[in-house]
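Dear colleague,

I am passing on the structure below, and I would be glad if you could look through it alongside the notes that follow.

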Amino acid sequence: MKYFALVSTLAVSAVLVGAAQDSRVPPNQNAPTFSRDVAPILYSKCVQCHRPGEVAPMSLITYRDVRPWARAIRDKVSTRTMPPWFADPAHGTFRNDRSLTQAQIDTIVKWVDTEARQGDPAQMPAVPAFAAGWQNGKPDVVFEMPVEFRIPADGTVDYQYFEVPTNFAEDRWISAGEVRAGNPEHVHHVIVSVIEPPGNARPNVLSVRAIADGGDGAARAPRQLTDAQRAQLATATRRANAVSLVNWAVGEDAPVYPAGLAKRIPAGSTLQFQVHYTTNGAPATDRSKIGLIFTKEPPKNEVRTATIANAQFAIPAGAANHQIEAEATFNENVKVWTMHPHMHYRGKDMTYTAIYPDGRQEVVLRVPKYDFGWQTDYWLAQPLSLPKGSKLHVTAHFDNSPANRFNPDPSTTVRWGDQTWEEMMIGYITYTVDSTKVATVAQR
């Protein structure tokens, strides 16, 4: 994974400087210190991942933790490589913006360049409180994969699916959810969805149109299916009709919904774990889980997740800037709360553009340099209101050329597929419908 790959890069840069000097005495009164100036920045933007038990390769909580990595930290923050945040600041304001301000970057750079002193320990801020094992606090219920999956040492592992009955006797409303990968070194991502009992189909409030990319990826006439293929199609349809609940991948925060909003798990539902495993030369096992926190009272509205996707594409061999588009049209007034671009190693950039009924257009999210190693939900500081008849247009570009150093094979035409050497074009959104009433809710 991208995060673990950073260890070697950081290790090259990590140098202890000025060890013979008294690190608690600043060289002058204007020099930043760790206790007073740097620790507050790290605590607000870094230690959610950079702490024991989380995905980052080192802890950044204490001065002793941070000091060996001072120069590496300076280099990574000054180039805005860390913290990872990829939204163009010209479009949209986001509540989970991890990026540092220029003033924060300047403080860290000056701290390192003036001998990275500790300063007065009495000026240290309180260490942020994190619940042991869970980002969002102790869950009300935990569901675990029913069996332990054995991961081979090498080769390709197809997506694995595991089903877990909830045994809920009544509808439950979820204010927060968190997936914990049992083996983060081998688990690329986990998508937990809800397979609902019959009769819970939600009225569709959006239609998605995949826009032809000019390649040979157009849909073809259906073939006569064998019994085995029909069975496979039935299984695929069951999985595809599952309602998205919570996802996890490196870089993705566990969702906490705003007050008054929640996701619904109908009575009698089953949870579906879709797990993507990667091999690394050593066999291993995994048993991932999900923790759910219930609302204390019925919410005002239900949160939904939708995909604005285009699977009908063919990216030519060697193409450096191949464009793929998809568009959703809304037949109700909605509010969009999050956007989440998803592509694989050839993904280059993605832009979400709102098109209003009066023809006005507005870029609401632009990710100019997509990074497959970081899967990010971009939570808008204020939801985007889209009146009935609005469209959300998603445009993505892909680099299938030899110049893309992450490209698995620039000599091949690339189509939709689960594996990372194939491609996907998905613009996820999390939204609510303005007219929905919880008391009569029955939606998708």
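Two strands are counted as paired here if DSSP finds at least two bridges between them. The model is a predicted one, and the description that follows should be read with that in mind.

With that pairing rule, an open sheet of five strands is found in the order β1-β11-β4-β8-β12, and its pairing is mixed. The edges of this sheet are formed by β1 (141–144) and β12 (301–302), each of which pairs on one side only.

Within it, strand β5 (residues 187–195) and strand β9 (residues 270–277) run antiparallel and are joined by eight bridges; Val 192 stands opposite Phe 273 in β9.

Turning to the helices, α2 (residues 34–45) packs against α5 (residues 102–113) at an angle of about 130 degrees, and their axes are 10 Å apart. Since angles from 65 to 115 degrees count as roughly perpendicular and those over 145 as roughly antiparallel, the two helices α2 and α5 are therefore oblique to each other. The crossing in which α2 passes α5 is left-handed. On the α2 side the contact involves Phe 34, Asp 37, Val 38, Ile 41 and Lys 45, which meet Gln 104, Thr 107, Ile 108 and Trp 111 in α5. Sorted by class, this contact of α2 with α5 has five nonpolar, two polar and two charged residues.

Finally, the aromatic residues: the structure holds 13 aromatic pairs. One of them is formed by Phe 149 and Phe 162, which lie edge-to-face, with 6.2 Å from centre to centre and 70 degrees between the planes. This pair links distant parts of the chain, since Phe 149 belongs to strand β2 (residues 149–151) and Phe 162 to strand β3, the two being 13 residues apart.

Notes: Residues numbered from 1 in each chain as written. Predicted model: local features only at pLDDT ≥ 70, side-chain atom pairs only at ≥ 80, totals over all residues. Heavy atoms only, no water. Helix = DSSP H or I, 4+ residues; strand = E, 2+ residues; numbered from the N terminus. Axes fitted to C-alpha atoms, helices over the stretch in contact; angles between N-to-C directions. Parallel < 35°, antiparallel > 145°, perpendicular 65-115°, else oblique. Left-handed = near helix turned anticlockwise from the far one by under 90°. Contact = heavy atoms within 4.5 Å. Nonpolar A, V, L, I, M, F, W, Y, C, P; charged D, E, K, R; others polar. Phe/Tyr/Trp six-rings, centres within 6.5 Å; stacked < 30°, edge-to-face > 60°.
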